[in-house]
Amino acid sequence: MARFLRRLWAQVQKHAADGAAPALDAAVLDANQKALRRKTHETIGKVGDDYGRRHSFNTAIAAVMELMNALAKFEDGSEQGRAVRQEALQAIVLLLNPITPHASHALWQVLGHGETLLEDQPFPQADSSALVRDALTLAVQVNGKLRGTIEVAADAAREQVEALALAEPNAARFMEGLTVRKIIIVPGKIVNIVAA
């Protein structure tokens, strides 16, 4: 845990050294910025559930660590990239406050909140608009065995998903000489092609 807190401390210090972050404008975010923002709000929802309903602190901390790993891989120094990073760091500090109040209080001040107390801040709430996905990755199976993945728009029609699955190179290789009998789609998860 000490190593994790040192990593968090270093991330916050590095972010703060670049100056105040601009306001977040969700309408102009690119795909990577949206992905980090979605991860931030998924983590807020999970940790809120772990604390409030499940009383499971280990899984809450694990979720925050996953967010920190995603944040460490996020290398975007643009204005909106910094705004998304600021939102993620603030969420991490607020989510860890019940467990590490002293460190969280110090980090909250480094993030530009002066002498405000974390105890006066509301627990973060997940933004449902940030959780919306533009695209989905679906597993493609041939006769129940994983043969590849495809990327489809979240609102793609069934015919479009079927065509992409049939065109997936590795899946097509395993269907050579076979007739497609049925295509089973589990929305948002998997496409299973039954061939004989």
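**A mixed sheet and its helical surroundings**

Leu 136 lies in strand S1, which spans residues 135-142. The structure is a predicted model, in which local features need pLDDT of at least 70 and side-chain atom pairs count only at pLDDT 80 or more, while totals for chains, interfaces and linings use all residues. Residues are numbered from 1 along each chain as its sequence is written, and side-chain values use heavy atoms, with hydrogens and water left out. Helices (H or I, at least four residues) and strands (E, at least two) are DSSP runs, numbered from the N terminus.

We can begin with the sheet. An open sheet is formed by 4 strands in the order S2-S1-S4-S3, with mixed pairing. S2 and strand S3 (180-186) stand at the edges and have a single partner strand each, so one side of each is left without a neighbour in the sheet. From one strand to the next, the twist averages 20°; angles here run from 0 to 180 degrees between N-to-C directions, and axes are lines fitted to C-alpha atoms, for helices over the stretch in contact. Two strands are said to pair if DSSP finds at least two bridges between them.

Taking the pairs in turn, S1 and strand S2 (residues 145-153) run antiparallel and are joined by 8 bridges. Within this pair, Thr 137 has Glu 151 of S2 as its bridge partner, and Leu 138 stands opposite Ile 150 in S2. The two strands form a hairpin with 2 residues between them, and Asn 143 in the turn has a positive phi of about 50°. S1 also pairs with strand S4 (residues 190-195), here in parallel and through 4 bridges. Val 140 has Val 191 of S4 as its bridge partner, and Gln 141 stands opposite Asn 192 in S4.

Asn 192 of S4 also stands opposite Ile 184. S3 and S4 are antiparallel, pairing over 6 bridges. They too form a hairpin, with 3 residues between them, and Gly 188 in the turn has a positive phi of about 80°. Leaving aside residues up to four places away in sequence, Leu 136 touches Ile 150, Glu 151, Val 152, Ala 154 and Gly 188, where contact means heavy atoms within 4.5 Å.

The helices come next. Two packed helices are described by the angle between their axes and the distance between the axes. Helix H2 (residues 31-54) and helix H3 (residues 57-73) pack at about 170°, and their axes are 8 Å apart. H2 is therefore roughly antiparallel to H3, on a scale where angles under 35 degrees count as roughly parallel, over 145 as roughly antiparallel, 65 to 115 as roughly perpendicular and the rest as oblique. Residues making this contact include Leu 36, Thr 43, Val 47 and Tyr 51 of H2 and Phe 57, Ala 63, Val 64 and Leu 67 of H3. By class, the contact of H2 with H3 has 10 nonpolar, 3 polar and 5 charged residues; Ala, Val, Leu, Ile, Met, Phe, Trp, Tyr, Cys and Pro count as nonpolar, Asp, Glu, Lys and Arg as charged, and the others, Gly among them, as polar.

Three further residues deserve a look. His 15 lies in helix H1 (residues 2-17) and counts as buried, at 4% relative accessibility. Buried means under 20% relative accessible area, exposed over 50%, and partly exposed in between (1.4 Å probe, protein chains only). The side chains of His 15 and Arg 82 are joined by a polar contact of 3.3 Å. Such a contact is a pair of N or O atoms within 3.5 Å; within protein, one must be able to donate a hydrogen and the other to accept it, and residues adjacent in sequence count only if both atoms are side-chain atoms. Glu 87, in helix H4 (residues 79-96), is likewise buried, at 17% relative accessibility, and a polar contact of 3.0 Å joins its side chain to that of His 41.

Phe 123 belongs to the loop between helix H5 (101-113) and S1. With a relative accessible area of 32%, Phe 123 is partly exposed. Residues up to four places away in sequence aside, Phe 123 touches Val 47, Gly 48, Tyr 51, Leu 94 and Leu 95.
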